[in-house]
Amino acid sequence: MFQNSKISSFSSSSSLHKSPLQIQRSMSTAPSKVLSSWIAKPISSSYDIELYEVLATKCANIDSILKNGSSPKDVTQFLGEITMNSKTLELVISFCQGYEIHISQDNVIQLYCVAHHLGMNETHSKNNLLKRALSYFEKNVLSSWDQTLKSLRTIDNNILDQAIQLGLVGTCLNSLIAKALTDPRLLGEPINNDENTNDSDDDEEEEEEDEEWPKAKRRLFGLSWQQNEDLTTLSLKLYEPLIYEMIKRGVPLNYVTSSLLNYVKKRVLIPTMTERNSEKEIIEAVEKLLPRERGLIIIPCSILLEILRSAMLFNASLECLEGLEFRIGTNLHQASVKDLMIISQNRVDIDCIRRILKHFYGNYSSSHLTGLILVAELFEEFLAEIASCDIDLKLETFMELAELSVSLSMGTNRNSDGLYRAIDIYLDKHKYLTESEREKVCQALDFNNMSEEACDHAAKNERLPLRVTIQVLFVAQLQLRESIMKEVQGCQGSTRFGEKKEEEEEEEEEEETRLVCGEEESMRIEMEKMSMKLVELEKECCVIKKEIEKDESKKKKKKKKNEKEKEKKVSLWREMKRKFGCVSNSNCNVSNDSNRHGKNQNQNQNQNHHNKNKKKKV
């Protein structure tokens, strides 16, 4: 992730982790290296001999040149190979003449490099300059964060390679990394890793309060506070490998990322420190060092967009642009309209916006629609803002942005009111458009997806073309019809709801009765048994009744038969009396009448007696 050819070669150098003491011990065998083409000023020959003899008392290499019989010109040429400023040269000459010199963090690295090149070691002269510079470097510089940074700032391009070879740079970097691992606050304030951060005024006020609170706390408890030296003051050649090693060794990323963002701010976005023709290199280096993994650290979209705009301005590499667009896309739902306007100050780069949106949708893994809705709303607001600010916005560009807005709103169950607002603003700012051009602008609108308020406004909007207004009125009529149908269905639904409620109440009552009947289940079983017994008794009674009716019918038949036999006997007796002449005709007639009368009376009596007996039986 953080690969860089320069950093790799720098960190893999054997002198990066080599201490100055080790360099001093092997100094006699270390080859000299020509670092610059600095030429000493010409001086008189008499003064040359005296000066070289003084320098030879402390400098082994000059003494060796003089002993070999070389001319003063050879010494002059040797001194011209040394890269040093006039102050450093004066200190070296003063030291060789026996004067006490002042060594500080501002000149110790310069003095060490010159002393090493001249061979001012303990073998040639006791208590020599190389040992004194090394002692000061280890005791006063490496022990302090601020002193180390101050010493590193004195390393310019002329002595950088020599300082790296001597191990001074590697030792300083290791010292800073160790201190940063112990106390990351030395790098400055960490970046806020809250997903809900934005650039609103309320958040700025909260940040100011947070900044004031530690100060008040320090004053309250009497704690001393001293501003530490800032890493961002280092040159890119020192800062880049230092940050790379910090990330590699586990310094907290929120502190490292904050330092990187401050570095690019001070040197590119708000240039308080400038390195000639270095803006492009700084942006590319910072982009490689920024964390790329999603969710690892949250970088505000505002500063990423500012870096992206600067990268476009300074023609940064495609790899750098792609990395910035990826980081912006993964956190696009946290951006604001003000942030998106940063990359639209000069012109709207639709291809860049498409790539950012592609990164957002390609890396959105949440199951919730919140992020998608936020991006859709953000883009609608951005479209409205750019329509109002950019009067020279072309029709084709606006139509492409409107189509993007429509595609972003798909699947989010949102209406088209935001898009209608943006189109209305664009038509208001571009009144010179023809009727056909205004119709093209409105092609992205879906009137069926607009709210009733938006349809009412559109129906009265004079900026819309006539054909669009007619469509809006038609849609408004359909919406009115649908609203009426919904109200009717709502009334029917309420009645159905009442019926369902009654049915539910009836079911509840049935359940209650079932519970009550459950308690009387045993009684019901006994009642069923009693009813079965009654049925059997009824059957027996029917059988008995049939038998009684049969007996009565038999008795009636017998009685009729007896009566018939009696009548036959009476008739035979009468016939016999008449034949024998025992009775005259008149008497017979009288007797017959009397007999008939008596017979009828007897019959009536018998009939009444028979009916009485029958009733009794019944």
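**View 1. A salt bridge joins the side chains of Glu435 and Arg438 at 2.3 Å, N to O.** A salt bridge here is a side-chain nitrogen of Lys or Arg within 4 Å of a carboxyl oxygen of Asp or Glu. The model is predicted: local features need pLDDT of at least 70, side-chain atom pairs count only at pLDDT 80 or more, and totals for chains, interfaces and linings use all residues. Residues are numbered from 1 along each chain as its sequence is written, and side-chain values use heavy atoms, with hydrogens and water left out. Glu435 and Arg438 are separated by about one helical turn because they are 3 residues apart in helix H23 (residues 435–441). Helices are DSSP runs (H or I, at least four residues), numbered from the N terminus. Glu435 is partly exposed at 33% relative accessible area, whereas Arg438 is buried at 18%. Buried means under 20% relative accessible area, exposed over 50%, and partly exposed in between (1.4 Å probe, protein chains only).

**View 2. Asp424 and Arg463 form a salt bridge at 2.8 Å, N to O.** Asp424 lies in helix H22 (residues 417–429) and Arg463 in the loop between helix H24 (452–459) and helix H25 (466–519), so the pair ties together parts 39 residues apart in sequence. Asp424 is buried at 12% relative accessibility; Arg463 is partly exposed at 29%.

**View 3. Glu229 and Arg153 form a salt bridge at 2.9 Å, N to O.** Glu229 sits in the loop between helix H12 (201–221) and helix H13 (236–249), and Arg153 in helix H9 (residues 145–153), 76 residues apart. Arg153 is partly exposed, at 35% relative accessibility.

Conventions: Helices (H or I, at least four residues) and strands (E, at least two) are DSSP runs, numbered from the N terminus.
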